Amino acid sequence: MKFSSVLLGVALSAGTALADVDPIVIKGSKFFYKTNGTEFFIRGVAYQQSYTGGSSTDNNNKYVDPLADPATCKRDIPYLQALRTNTIRTYAIDPKANHDECMQMLQDAGIYVISDLSSPAESINRDSPEWNVDLYNRYTSVIDALAKYPNVIGFFAGNEVSNNHTNTDASAFVKAAVRDMKKYIKAKNYRPMGVGYATNDDSEIRVNMANYFNCGPSEESIDFWGYNVYSWCGDSNYQKSGYEARTQEFSDYSVPVFFAEYGCNEVQPRKFTEVAALFGEQMSKVWSGGIVYMYFQEENDYGLVSVSGNTVSKLPDYDFLSKQIASATPTGVNSAAYTPTNTAAQACPTIGSNWQASEKLPPSPNPDLCECMVKSLKCGVKDNVSDKDIGKLFGIVCGYDGICDGISGNATSGKYGAYSMCQARDRVSFAINRYYEQQVAKGNGDSACDFDGAAELKSSSSTSGTCGTLLNEAGVEGTGTVTSSPTSPGGSGAASTGSSSSSSAAARPMAVPGSVQVGMWQFGAYIITAVIAGVGMIVL
Ligand SMILES: *[C@@H]1O[C@H](CO)[C@@H](O)[C@H](O)[C@H]1NC(C)=O
Ligand SMILES: *[C@@H]1O[C@H](CO)[C@@H](O)[C@H](O)[C@H]1NC(C)=O
Ligand SMILES: *[C@@H]1O[C@H](CO)[C@@H](O)[C@H](O)[C@H]1NC(C)=O
Ligand SMILES: *[C@@H]1O[C@H](CO)[C@@H](O)[C@H](O)[C@H]1NC(C)=O
């Protein structure tokens, strides 16, 4: 059954494939069809089943890739088309899966894709934010998987990561992700695709959030801003819903803004009267449309349809949206006739009680630097120490003054250790080695490399050449600034994860390019031992 429907999908998409869709491009604060310059307004629907969102606490990392099963795409696309959908938002795709058929079917239906880059277990955690080698590999692998499809508009580097005034520091790490993914797309010579962010609507931080991601050098700031808005409930109106105020706030924004999620469900059925406002005269000058949350009916009760096997049943919301979206036809401007006037970036927010993210961003993950560092250590963590024990080791070793400056970061002061982006295992080894070297200097000898049996002496290799340069920049304490790029082609981590220690399945479920190299170094110590043993045998 499954087999035959997959075959049918192949036959259909192969038989009916049209020419590639026209890519969507960004000019000023608007989207356009590349070829004819017609302004593009997003008539979007969020499309992902059983997704609980990037809480980063979900170590199972279970999600259903909505673009990997041709049978479900084929089942759902007609329902999306009937809603005049021209964009879907996906929250987590599996970079290893094949997306050719779904992406072709979407293309044939004139539907574009904006995808989040994270996954449930691989996202920036608002409570202990990091932008590290593992996340870098996850994000770039999603870009690599989708870049070949002309109907990809761009990506979200995060969704509602900072969500109130207590965790705004996390935004520095998200913005670093934006910076590095923009750089990566350029370095790989991919077609221009935007990197944005999807924010929640917290009254205390929303203005600072929007300003922060649109301030400073354009290489570091977002290409578009997605707003998750649920403030128009039932028969609200332009003023009462806050839409008027939001529209004023964004009237001078320099990049496109749109609703990355909308559709309050406090009053049911949802009549979607906000659609007329969003695509109407006033708002369409500022907003590029929006994405209705969401296609599938689930526990949270936001569905347009319910699905059961191969059967799709429209819910009342579907018909209401259908009626409203039928008249969502803003005129827009043609690209050729449009000269952006909102060209200035916003001012970065000042640090205060409602804002704790410095405009100085965390360093780019640089797996080569981490690898060089680990190779240089005289004492480090044993390979078989569990992830849980690694966590405990931080608590112990970082209790010693200044030992952990090179591996920690503070987004409020804007001070980040050069190794703060390395894997946890590598970072803890750095700290353990610092402690060990201090003890040796005090004459306390090799017994300092122990940590209850978790640490062992390593055969450190000399640090000349590229490694020498990187390590010099980082400094002995790891508090220097590394400006040299990794040697791997295509940007850091593109061809080599370079991360030197083993990583559990939970910490890195994705197969990443270059994992063979990881494996080799992972077992490097054993290989060296074996070679020495072998030489010994020959001599004997
Ligand atoms: C421009 O191209 C798009 C898609 O290819 C199409 O939907 C739109 O109608 C075109 N605009 C005009 C004015 O023909
Ligand atoms: C901020 O958000 C976090 C995470 O959702 C939540 O646990 C916390 O209670 C919130 N704090 C305030 C003051 O709203
Ligand atoms: C790790 O390996 C060492 C031998 O190198 C062994 O003594 C120790 O028990 C192992 N620890 C764990 C947690 O497996
Ligand atoms: C981070 O830096 C800020 C500003 O300098 C400081 O107030 C805060 O205590 C620091 N946080 C930590 C955990 O050191």
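By class, how many nonpolar, polar and charged residues does the shell around ligand 2 have? There are no nonpolar residues in the shell around ligand 2, five polar ones and one charged one. For the classes, Ala, Val, Leu, Ile, Met, Phe, Trp, Tyr, Cys and Pro count as nonpolar, Asp, Glu, Lys and Arg as charged, and the others, Gly among them, as polar.

Before going on, the conventions. This is a predicted model, in which local features need pLDDT of at least 70 and side-chain atom pairs count only at pLDDT 80 or more, while totals for chains, interfaces and linings use all residues. Residues are numbered from 1 along each chain as its sequence is written, chains are lettered from A and ligands numbered from 1 in the order in which they are written, and side-chain values use heavy atoms, with hydrogens and water left out.

Back to ligand 2. The residues around ligand 2 are R126, N163, N164, H165, T166 and N167, where being around a ligand means having a heavy atom within 4 Å of it. A polar side-chain atom of N164 sits 2.3 Å from an oxygen atom of ligand 2. For N163, an N or O atom of the side chain is 3.0 Å from an oxygen atom of ligand 2. On its own, ligand 2 has 360 Å² of accessible area, and the protein covers 41% of it. Accessible areas come from the Shrake-Rupley method with a 1.4 Å probe, and for residues only the protein chains shown count as cover.

Next, ligand 4. Which residues are around ligand 4? They are N410, T412 and S413. From N410, a polar side-chain atom lies 2.3 Å from an oxygen atom of ligand 4. Ligand 4 exposes 370 Å² when taken alone, and the protein buries 25% of that.

Now the disulfides. The structure holds seven, a disulfide being a pair of cysteine sulfur atoms within 2.5 Å. I will take three of them.

C73 and C102 are joined at an S to S distance of 2.0 Å. The torsion about their S-S bond is about 100 degrees, so this disulfide is right-handed. It links distant parts of the chain, with C73 in helix α2 (residues 70-82) and C102 in helix α3 (residues 100-108), 29 residues apart. Helices (H or I, at least four residues) and strands (E, at least two) are DSSP runs, numbered from the N terminus. C73 is buried, at 2% relative accessibility, and C102 is buried at 1%. Buried means under 20% relative accessible area, exposed over 50%, and partly exposed in between, with a 1.4 Å probe and protein chains only.

C233 and C264 are joined with S to S at 2.1 Å. This link is right-handed too, with 100 degrees about the S-S bond. C233 is in the loop between β8 (224-229) and α7 (243-249), and C264 is in the loop between β9 (257-262) and α8 (274-278), 31 residues apart. Is C233 buried or partly exposed? C233 counts as partly exposed because its relative accessibility is 21%, whereas C264 is buried at 7%.

In the pair C379 and C449, the sulfur atoms are 2.1 Å apart. The S-S torsion is about 95 degrees, so the disulfide is right-handed. C379 is in strand β13 (residues 379-381) and C449 in the loop between α12 (424-441) and β16 (455-457), 70 residues apart. C379 is buried at 0% relative accessibility, and C449 is buried at 8%.

Last, two loop residues. N151 is in the loop between α4 (133-146) and β6 (152-159), and is buried at 0% relative accessibility. Which backbone oxygens does the N151 side chain reach? That of M103 at 3.3 Å, and that of I111 at 3.1 Å. Leaving out residues up to four places away in sequence, N151 touches V21, M103, L106, Q107, I111, Y112, V113 and R191, where contact means heavy atoms within 4.5 Å.

A68 lies in the loop between β3 (42-46) and α2, and is partly exposed at 28% relative accessibility. Its C-alpha atom and that of N98 are separated by 5.9 Å, although the two residues are 30 apart along the chain. With residues up to four places away in sequence again not counted, A68 touches A97, N98, H99 and C102. C102 is also the disulfide partner of C73.

Note on methods
Polar contact = N/O pair within 3.5 Å; in protein donor to acceptor, adjacent residues only side chain to side chain.
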